[in-house]
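Here is a short briefing on one protein chain. Keep the sequence and the model side by side as you read.

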Amino acid sequence: MNARCPALLVSAPASGQGKTTVVAALARLLTRRGARVRVFKCGPDFLDPFWHEQASGQPVHNLDLWLTGEADARARLHAAAGAADVILVEGVMGLHDGTPSSADLARVLGLPVLAVVQAGAMAQTLGAIAHGLRHYRSARDGALPWAGVLANGVAGAGHAALLRASLDDPAHWLGALPRSEAMQLPERHLGLVAAHELGEAAALARLDAAADLLAATPLGGMDLADWRARWSVAFEAPLAVAPPAPLLAGRTVAVARDAAFAFVYAANLECLRALGARVVFFSPLAGDALPACDAVWLPGGYPELHAPVLAARTELRAQLHAHAQAGRPVWAECGGMMGLFDELITRDGAAHPMWGLLPGRVRMQDRLMGLGLQSWAPTEAAPALRGHSFHFSACQTALAPLACTTAAPGSARTQGEAVYAKGAVRASYFHAWFASSPSATAALFSNDFGLQPAPNQREQL
């Protein structure tokens, strides 16, 4: 059966307009009023969802027509619509940026678009921007579902009046947010500082301050009946999909999870469990030993911010070496890979010894070194994994790449990322979306590239 729920896709003309803060503030405001809110993030992103999860109290998943696929997006939205009062989707970059774009997602899924525009340095031009966002390519691709405009960084009531009068339809005016520190979330080189790094009380205080400002706008003043009347969406029931074969049944996958290795899609953990794996967590920063396991996943994160602590984990280094020398798989993504080289050089020029499963060093850079959607097939017997890269470091190694990822169709950057292999270790700047190819994921965590169900090896550890 179809499920109906009010929903908005919150986008902007470009990055840096305040859409993440608006989505988090809106989720917090509605949650404070007792509404059940589910938030999704368009495109690959680990950091914005931390804030949305803090604001809504619910897990946050990613949606993307290429990375996760239309069927996955429809299934997740349908499930959310059956349990939520409001669905919010944060767009990626500008509304029409990328292939596919947030606008493409809105058209395919019927999501009304709310445009957040940083309007502090403009007046009537807001109307031109809103008109262009709404109608760009509409003659070719069809009308874009439209909710309205929220102006950010507005100087005062007079400024807001000019902005409102510039719109084609006054009903599309959803309010003005003032210039305020409350509408700024803390940032660093990879994006927002994760909400949990501030602590729950401090993060909620920031969200509450932003929610209070939003409450004074027409958008913030709407109750659930208003939402249902204006932005109700019918989400189609997904087609039944057979679960993946239990290719990891009987295996235990140990996942590093702390502030140094925090970039984990919740959907990736779901995929491992659907494949039959038992998932256990350990924290290198907290001093945890490597759990008894058949495979290790070292996700991305910020090892460069915790290099001295990681360098001191000599006993974990020895455990990882023993694990790999026994032929048990290690998959390391981006920050996880950085921890496996001999040395990590931070931005201040300090060299920190790492865990030495891969020869060479990683050096932090002052500029972005890799960005874009990518794919890679760890075995020819399974469809390629889809994912992305986004990093500010570069590695220097004598290892020849095992393979290189392939840029997604339509990507501006065509250069792929190296995939390195040494024994049972596979490592890359590539962040994989496991559900894009469960069989390839199983191969990655079993070193079983024939994709046969693997025996339980735990008793051998």
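**Overall build**

The protein chain holds 15 helices and 25 strands. Its radius of gyration is 23 Å, close to the 23 Å that the globule rule gives for 461 residues, so the chain is as compact as a globular protein of that length. The model is predicted.

- The C-alpha trace spans about 70 × 50 × 40 Å along its principal axes.
- Of the 461 residues, 54% count as buried.
- Among contacts with a separation of 6 or more, 76% come from residues 24 or more positions apart.

**The open sheet**

- Seven strands make up an open sheet with mixed pairing. Their order is β12-β11-β13-β14-β24-β23-β21.
- The edges are β12 (278-282) and β21 (403-404). Each has a single partner strand, so one side of each is left without a neighbour in the sheet.
- β21 pairs with β23 (residues 418-422) in the antiparallel sense, over 2 bridges.
- C404 has A418 of β23 as its bridge partner.

**Helices across the strands**

- Helix α11 (residues 266-274) lies across β11 (252-256), β12 and β13 (295-298). It runs at about 135 degrees to β12.
- Helix α13 (residues 314-325) lies across β12, β13, β14 (330-333) and β24 (425-428). Its direction is at about 130 degrees to β13.

**The α3 and α4 pair**

- Two packed helices are described by the angle between their axes and the distance between the axes.
- For α3 (residues 65-81) and α4 (residues 102-109), the angle is about 35 degrees and the axes are 12 Å apart.
- The crossing of α3 past α4 is right-handed.
- On the α3 side, L65, E70, A73, R74 and L77 make the contact.

**A look at S375**

- Where does S375 lie? It sits in strand β18 (residues 370-376).
- Is S375 buried or exposed? S375 has a relative accessible area of 16%. The cut-off for buried is under 20%, so S375 counts as buried.
- Beyond its neighbours within four places in sequence, S375 is in contact with W66, A384, L385, R386, T405, T406 and F430.
- S375 and S439 are 64 residues apart in sequence. In space they are 14 Å apart, C-alpha to C-alpha.

Conventions: Residues numbered from 1 in each chain as written. Predicted model: local features only at pLDDT ≥ 70, side-chain atom pairs only at ≥ 80, totals over all residues. Heavy atoms only, no water. Axes fitted to C-alpha atoms, helices over the stretch in contact; angles between N-to-C directions. Helix = DSSP H or I, 4+ residues; strand = E, 2+ residues; numbered from the N terminus. Left-handed = near helix turned anticlockwise from the far one by under 90°. Contact = heavy atoms within 4.5 Å. Pairing = 2+ DSSP bridges. Rg over C-alpha atoms; globule rule 2.2 N^0.38 Å. Buried < 20%, exposed > 50% of the residue type's maximum accessible area, 1.4 Å probe, protein only.
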